[in-house]
Amino acid sequence: MNNYYIPRLATIEGYKQLFMALEAKVVDIVKHIKKTANDDPRRVVHSFKVGLALTLVSLFYYFKPLYNNFGCSAMWAIMTVVVVFEYSVGATLGKGLNRALATFLAGALGVGAHYLANITRNNFGEPILLGIFVFLLAAASTFIRFFPTVKARYDYGMLIFILTFSMVTISGYRTHEILDLAQKRLSTIAIGASICVIISIVIYPVWAGEDLHKLVAQNIEKLGDFIQGFSDTYFKTLETDGYVHLDLILANYKSVMNSKNSEETLANFSRWEPGHGAFMYSHPWKQYLIIGSLTRQCASRIETINAYNKAQASLEIFGKLQEPFSRMSMECWKALKELSLAIKTTTKPSSAKQHILNSRTASKSLKLLLNSEILGGINMEQIIPLASVASIMIDVVDYVEKIYEAIDELASLANFENGSVSKCCHVVVDVERLSEVIVDDQSVGKGTLVIP
């Protein structure tokens, strides 16, 4: 009796464990679906838009009059919706135009190649001539796809061009209705692409230009937040145990460093979009790439500070440098906040200039302290880590100014409105007077590290 029930109980227990594992997997999938939808609700809307577009083009098969006019070529409308309908308006419009124009040009050239080869009236020479045409066009088009400009904007169109030309040219050898075939195929592709573009623009449009605009502004804001937290974290960790631990705050701004591909993709899609909202036709989208590049360069300079996270420094030294260092970081943070706000509100960044001047003043004060006799006689191994960090932060000030100039140029090119002057309190330090207090003619002595 026991030998009979033990395997049976083991089997029941195995089924229970399997059911619990399946239940946990289903719950995990549901949570993932909710998270994906909550992260960007536009994804749910986009899914419904694609379903609507496919339902509309399927009418070519459901209604007999439409099917009689287009026949099996109606399938190209469905294929067009599947491959053309993208998340943003720019991506959809770019793919739609690429596909329609490439199909038209390739179809016209394919028909021309067919009639040109047909002139030979030779069953042996016609396929050879058609093969030569296919070889030349395919080879030339494939090589052109390697051009950077073509690769960025017209790669999909070149691919469709090669496909359509080859299909029309080769199929024309076995059918005498090549012109009618090309006309039906072009018509269905144009209809499918038009439905995609119309639905994409009319129903809750997702503009790539707006996403690029927001992404660049958010990256500048993240950079400013990092600089603000960096100063406190750096000196706090030095004061606690003499070491710098930046791993946590570095992890919070990694998205800034990894945003290059997203910015370039959005900029490419933005060029296809018509004027909308604050972004009129010929909006300077390339300028956003310049701003994004400068933002990443500035972030990379800060990231190099992590190389000194094992370097121990004297508490006496960092106590003297903390005030100008913190003031320089604070002014950079304020400037980047103002610049981010200027992009978000499409206004000219007039008030950010004062914060940059204040950070310049603080950086000069920091240089004077490092070069003064106050630090004379200090062990060089103790001052080098802080001096290196200070030098990097001075470079950061230069990059913040470059970001300001790039955004100011964007504001001029895009005709941003004049923004209101910031009500923040600006503190300007007289560098010349400060130098008289902390240095004299014999200020730089032995053992003092001079930063140029």
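The legends below describe several close-up views of one predicted model.

Residues are numbered from 1 along each chain as its sequence is written. Because this is a predicted model, local features need pLDDT of at least 70 and side-chain atom pairs count only at pLDDT 80 or more, while totals for chains, interfaces and linings use all residues, and side-chain values use heavy atoms, with hydrogens and water left out.

**View 1. Tyr154 and Trp272 form an edge-to-face aromatic pair.**
The structure holds five aromatic pairs, where rings of Phe, Tyr and Trp (its six-membered ring) pair if their centres lie within 6.5 Å, and planes under 30 degrees apart count as stacked, over 60 as edge-to-face and the rest as tilted. In the pair of Tyr154 and Trp272 the ring centres are 5.8 Å apart, with 85° between the planes. Tyr154 lies in the loop between α8 (148-153) and α9 (155-171) and Trp272 in the loop between α14 (260-270) and α15 (285-303), so the pair ties together parts that are 118 residues apart in sequence; the helices named here are DSSP runs (H or I, at least four residues), numbered from the N terminus, as are strands (E, at least two). Tyr154 counts as partly exposed because its relative accessibility is 34%, and Trp272 counts as buried because its value is 16%, where buried means under 20% relative accessible area, exposed over 50%, and partly exposed in between (1.4 Å probe, protein chains only).

**View 2. Phe279 and Trp285 form a tilted aromatic pair.**
The two ring centres are 5.4 Å apart, and the angle between the planes is 40°.

**View 3. Lys95 and Lys402 are placed over the rings of Tyr156 and Tyr399.**
A charge sits over a ring if NZ of Lys or CZ of Arg is within 6 Å of the ring centre and within 35 degrees of the ring normal. The charged end of Lys95 is 4.9 Å from the centre of the Tyr156 ring, and Lys402 lies over the face of Tyr399, at 4.9 Å from the ring centre.

**View 4. Glu401 is part of helix α18, which covers residues 380-413.**
With a relative accessibility of 17%, Glu401 counts as buried. When its neighbours within four places in sequence are left aside, Glu401 is in contact (heavy atoms within 4.5 Å) with Lys353, Ile356 and Arg360.

A disulfide is a pair of cysteine sulfur atoms within 2.5 Å. The cysteine sulfur closest to that of Cys298 belongs to Cys332 and is 7.4 Å away, which is too far for a bond. Cys298 is buried, with a relative accessible area of 0%, and Cys332 is also buried, with a relative accessible area of 0%.

**View 5. Met79 is found in helix α5, which covers residues 75-84.**
Met79 has a relative accessible area of 38% and is partly exposed. The C-alpha atoms of Met79 and Thr188 are separated by 9.7 Å, although these residues are 109 residues apart along the chain. An unreviewed UniProt entry places the feature "transmembrane region" at several stretches, including residues 70-90 and 186-207; UniProt positions are given in the numbering used here, feature names are shortened, and annotations may be inferred rather than shown by experiment. Over residues 70-90 the chain is 62% helix and 0% strand, with end C-alpha atoms 29 Å apart, and over residues 186-207 the chain is 77% helix and 0% strand, with end C-alpha atoms 27 Å apart.
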